[in-house]
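The following questions and answers examine a predicted model. Please consult the sequence and the structure shown below while reading.

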Amino acid sequence: MQIRVTVLGPGVADGVDVTVTAPAGTPLSAVVGSLASVVTPGGSTPGAVYCEDRRLDPALSQLGQPPLVDGAVLSLHRPLEGPGAEPVPARLLVASGPDAGGVHLLRGGTATIGRSADTDIPLDDPDVSRLHCALTLSPDGTITVADLGSTNGTWLDGRPVREHPVALPSGGILRLGESALRVLTAAERPAAPALGGQPAPGAAPDRRGGASGPPPEPPPTRVQRRVGWGRRASGRPEEAPPEPVAAERVPRVAPAEESRWPDLAALLLLAVESGPRLWERRAGSRDAYGIRLGTAQSPADGLPPVTVSLPAVGSLGLAGPRERIAGLARAVLAQLAALHPPSALELVVLAPGRAAEWSWLGWLPHTRPARGQDCRLLLGFDEEQVAARLRELTEIEAPGEGRSPARRSVVLVDGGLSPAAAQRLARLAVEGPATGVHLLCLAETPPATPSSPVAETLGAARSASPAFAACGSVGLLSGAMATAVRLVGPDGRPGPAASADAVSPAWVERFARALAPLREEGVGGAGGAQPGTAPLPESCRLLDVLELSRVTPASLRRRWAGGTGLPLVLGAGERGPVSFGLGGSRVPLLVEGGPRSGRTETLNALAASLAATLGPRELSLLLVEGEGEGLAASAELPQVASHVGATDPVRIRAFAQALRGELKRRALLLGGTSFDPRRGFGEGLTPAAGELGEGRVVAPRSGGEAAGQEPEPPMRARGSAPLPWLVVLVDDLPALVSPPLGAPGRQAAGSMMRALDAVRREGPALGVRLVLAGGPPAGEDPLRLAVAARLVLTGAPPGRGELRTVDGGRAPTQAGRITGRIPRTATLRPTVTRLDWARLGDPPARRPVRELGNGPTDIALLASAAARAASPKESASATPV
Ligand SMILES: Nc1ncnc2c1ncn2[C@@H]1O[C@H](COP(=O)(O)OP(=O)(O)OP(=O)(O)O)[C@@H](O)[C@H]1O
């Protein structure tokens with residue numbers, strides 16, 4: 001399990017980002033010392049650890065469990081700002097303006113608003129007076145607003161507000177200076193989180209969870225916490241504040257258009273509270289991949305959004321002064337990430353030398369590689385990383401699916417690229433949209449003003465960057481302070497000026513951290529979108545996943561005593577082990593992947609995982625190889641009754657015959673009833689009269705031993721019950737389906753296939769299950785078999801893949817390693833490493849888990865412990881458990 005968090009300590013104001021790698025369930029106490037020494041080398045272990053304002057108990061808080069999840073900020077010296085425990089009756093949202101995105105909690109009483117830092121709600125807007133207006137929240141829930149003698153006035157839905165308080169209705173738009181504000185009452189807030197049941201970091205922590213620190217300090221003001229941060233802005237707005245409109249007061253109804261395009265404050269709330277609209281858009285939804293660039297400057301009429309659709313325009317350029325254009329790009333990317341799930345949107349960054357500015361995107365689940373890209377995150381901060389990202393965008397397709405039109409990539413392009421990359425990008429800007437790739441290209445220009453008209457400004461930007469020139473439409477910042485945006489279409493004609501959306505680096509960092517721990521429902525492991533998920537490890541030891549790191553006969557016997565069903569543990573997932581219930585599935589499990597992707601190792605791991613659940617009395621395994629001898633390592637497990645390779649035609653035939661005989665024997669024993677392990681494993685059952693002799697049925701191990709004859713391969717393990725589970729594991733099935741010319745087993749392969757087909761048809765009712773390893777993933781089942789699930793291996797790194805079930809469930813999986821010689825502590829020791837965002841776009845350091853050159857392999861350790869656990873002699877001397 002791996003999480004990325006930020007650690008603050010004395011004198012480290014910005015914090016240090018670190019990656020923590022540890023087995024699931026590791027307590028915080030195991031890494032507190034390492035966290036402290038990353039922050040202050042040589043420093044002592046801290047006395048307390050805080051997450052927001054909550055003091056954590058290092059012995060009880062587990063890594064990977066809330067609040068210790070991706071994106072968390074830990075403080076080793078003092079509590080941080082927290083939301084407080086009590087419910088908040090109302091919040092003030094900064095819907096647009098230079099301080100957009102801010103969310104302020106209103107707890108009751110009067111709160112002042114103004115440019116001064118001494119006000120309860122400071123607004124970083126040059127046209128707001130130092131002390132501008134005041135909001136009062138009465139105990140009955142009504143909210144009023146009064147102007148405090150401001151220079152530019154306060155406006156409610158286009159009407160002036162004076163010193164006398166007036167009611168602020170729900171949905172009313174309050175304008176002061178260049179800012180638009182609105183109130184959200186508790187009654188209007190979404191009732192339940194859509195994703196997961198746990199609060200995301202930043203959402204109100206659950207204090208019943210045992211925070212052991214001091215009680216929170218009393219609120220310094222009635223407005224207790226600012227969820228968002230304003231961007232630094234200065235200067236005058238392009239246009240004067242609106243003229244007052246004298247009209248009858250009518251309750252304003254938010255136009256449907258506005259609610260379709262949530263403002264930035266609403267987006268921040270969605271992120272920190274996992275609101276119902278989070279990730280609501282998919283390919284095919286209305287407004288999918290649409291972007292709100294700002295709001296039309298018609299203050300009397302609410303905040304009509306100005307939007308652009310990426311599928312319609314293809315690629316989009318944004319041009320303007322550096323700071324402003326970055327603020328707009330942050331707002332655009334945050335919107336896309338809040339409204340589209342990672343399964344519908346991939347974000348890629350091409351920004352050489354700009355890691356500090358864009359690393360916040362690395363917190364978003366949308367920048368994780370999900371199509372087998374060879375990097376930890378889809379970030380390009382140097383020439384090599386940019387080249388790799390470009391290759392992936394044009395060459396890699398999702399395994400077995402082609403580039404899915406259900407998922408689009410938005411590529412941020414910012415900064416100087418090599419001429420080759422620039423040319424490639426220019427082509428991508430034009431051709432990409434047809435395959436679901438859209439560029440968002442930034443160009444630094446002066447704002448469009450009378451002294452720098454639109455055509456000239458755009459001409460300069462286009463000649464500087466071929467990719468920008470190839471973008472279908474451009475959002476051009478305009479006005480003296482570049483706070484307005486005009487959309488310029490392919491015909492070059494600029495649309496009307498709108499107030500540009502923009503957010504600060506601090507706001508967007510907060511936003512991205514809130515999304516960091518979230519995963520989608522049904523994607524990425526059982527249960528889905530909850531905090532507590534972690535990226536897959538580069539490799540994992542199956543025995544660790546099985547929690548059998550120190551496998552002993554006693555520990556196995558304990559498991560066998562409680563084992564039920566046929567749970568296959570495949571390996572590590574994002575939320576703990578990934579497993580598949582083979583017992584309950586009446587069709588085979590298929591493992592598929594390209595050459596060297598880890599299919600054989602996975603079959604060995606599956607055999608081992610079964611052997612860790614049931615002993616040889618209840619479980620027999622048959623190993624069949626179409627090619628090679630890769631399953632030989634598992635043949636030592638005492639549950640393995642027979643192992644047959646493709647090179648021996650006589651033995652293949654004998655095996656096929658014995659397998660068909662075993663099906664018949666089971667059918668006779670069951671006498672028309674279905675296999676049910678709850679009724680025992682066949683003890684006391686007798687076959688239908690005259691068909692088979694009792695002695696043969698209960699013989700512990702069948703097999704013709706007559707001299708000169710090929711002994712019939714046993715179908716039950718030594719010490720087996722009459723009717724154990726029987727699992728047939730077949731590697732390299734394509735070599736049996738169509739054996740290569742000249743292959744020694746070619747003549748006999750047909751008989752094996754017929755026997756396997758009989759298992760497929762008759763096995764489910766007889767307690768016989770099939771696990772098959774096929775060839776490379778194909779769009780359709782290469783074997784034309786109905787399968788219960790497929791483990792599709794991408795092979796980078798070996799064993800990496802995704803479990804796909806027929807009901808559409810998908811779980812990224814790192815299949816367990818079992819035939820390696822791995823030092824027992826190698827994957828157990830928790831580590832804390834400093835995060836270098838500039839390097840996360842590199843191929844992951846293949847820190848091959850140091851496998852020892854000698855000493856037993858994990859499967860040998862398991863087989864030897866299992867053999868001893870199964871031996872009657874050992875059992876007799878074992879301590880009862
Ligand atoms: N889960 C895993 N973790 C770490 N290494 C693995 C894992 N699975 C396989 N490997 C390594 O990858 C290599 C290929 O594995 P394996 O032989 O299982 O793949 P395959 O798909 O069966 O390949 P082939 O094309 O030879 O049939 C081996 O060196 C193996 O040790």
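Q: In which helix is the place of Arg599?
A: UniProt, in an unreviewed entry, lists Arg599 among the residues of a "binding site", together with others including Gly598 and Thr600. In this predicted model, the place of Arg599 is in helix H14.

Q: Does Arg599 count as buried or exposed, and why?
A: A residue is buried if 20 or more other C-beta atoms lie within 10 Å of its own. Arg599 has 29 C-beta neighbours inside 10 Å, and therefore it counts as buried.

Q: Which residues does Arg599 touch, not counting residues up to four places away in sequence?
A: Contact here requires C-beta atoms that lie within 7 Å. With residues up to four places away in sequence not counted, Arg599 touches Val591, Gly593, Asp731, Ala773 and Leu793.

Q: Where is the place of Gly598, and does Gly598 count as buried or exposed?
A: Gly598 has its place in the loop between strand E30 (589–593) and helix H14 (599–611). Leaving aside neighbours within four places in sequence, Gly598 is in contact with Gly593, Leu793, Gly795, Pro798, Gly799 and Ala815. Because Gly598 has 27 C-beta neighbours inside 10 Å, Gly598 counts as buried.

Q: Which residues come nearest to the ligand?
A: There are 14 residues around the ligand. By class, this shell has 3 nonpolar, 7 polar and 4 charged residues. Those that come nearest are Gly598, Thr600, Glu601, Pro798 and Gly799.

Q: Which element supplies the largest share of the shell around the ligand?
A: H14 and strand E37 (810–817) each supply at least two residues of this shell. The largest share, 3 residues, comes from H14.

Q: What is the order of the strands in the open sheet of 6 strands?
A: Strands of a sheet pair through backbone hydrogen bonds, either parallel or antiparallel. In this open sheet of 6 strands the pairing is antiparallel, and the order is E7-E6-E16-E15-E12-E13.

Q: Which are the edge strands, and what is the average twist from one strand to the next?
A: An edge strand pairs on one side only, as strand E7 (103–106) and strand E13 (159–161) each do. From one strand to the next, the twist averages 30°.

Q: At about what angle to E6 does helix H3 run?
A: Helix H3 (residues 264–273) lies across strand E6 (90–96) and E7. Relative to E6, helix H3 runs at about 130°.

Technical notes:
Residues are numbered from 1 along each chain as its sequence is written. This is a predicted model: local features need pLDDT of at least 70, side-chain atom pairs count only at pLDDT 80 or more; totals for chains, interfaces and linings use all residues. UniProt positions are given in the numbering used here, feature names are shortened, and annotations may be inferred rather than shown by experiment. Helices (H or I, at least four residues) and strands (E, at least two) are DSSP runs, numbered from the N terminus. A residue is buried if 20 or more other C-beta atoms lie within 10 Å of its own, exposed if 12 or fewer, and partly exposed in between; C-beta atoms are placed from the backbone. Two residues are in contact if their C-beta atoms, placed from the backbone, lie within 7 Å. A residue is near a molecule or strand if its C-beta atom, placed from the backbone, lies within 6 Å of it. Ala, Val, Leu, Ile, Met, Phe, Trp, Tyr, Cys and Pro count as nonpolar, Asp, Glu, Lys and Arg as charged, and the others, Gly among them, as polar. Two strands pair if DSSP finds at least two bridges between them. Axes are lines fitted to C-alpha atoms, for helices over the stretch in contact, and angles run from 0 to 180 degrees between N-to-C directions.
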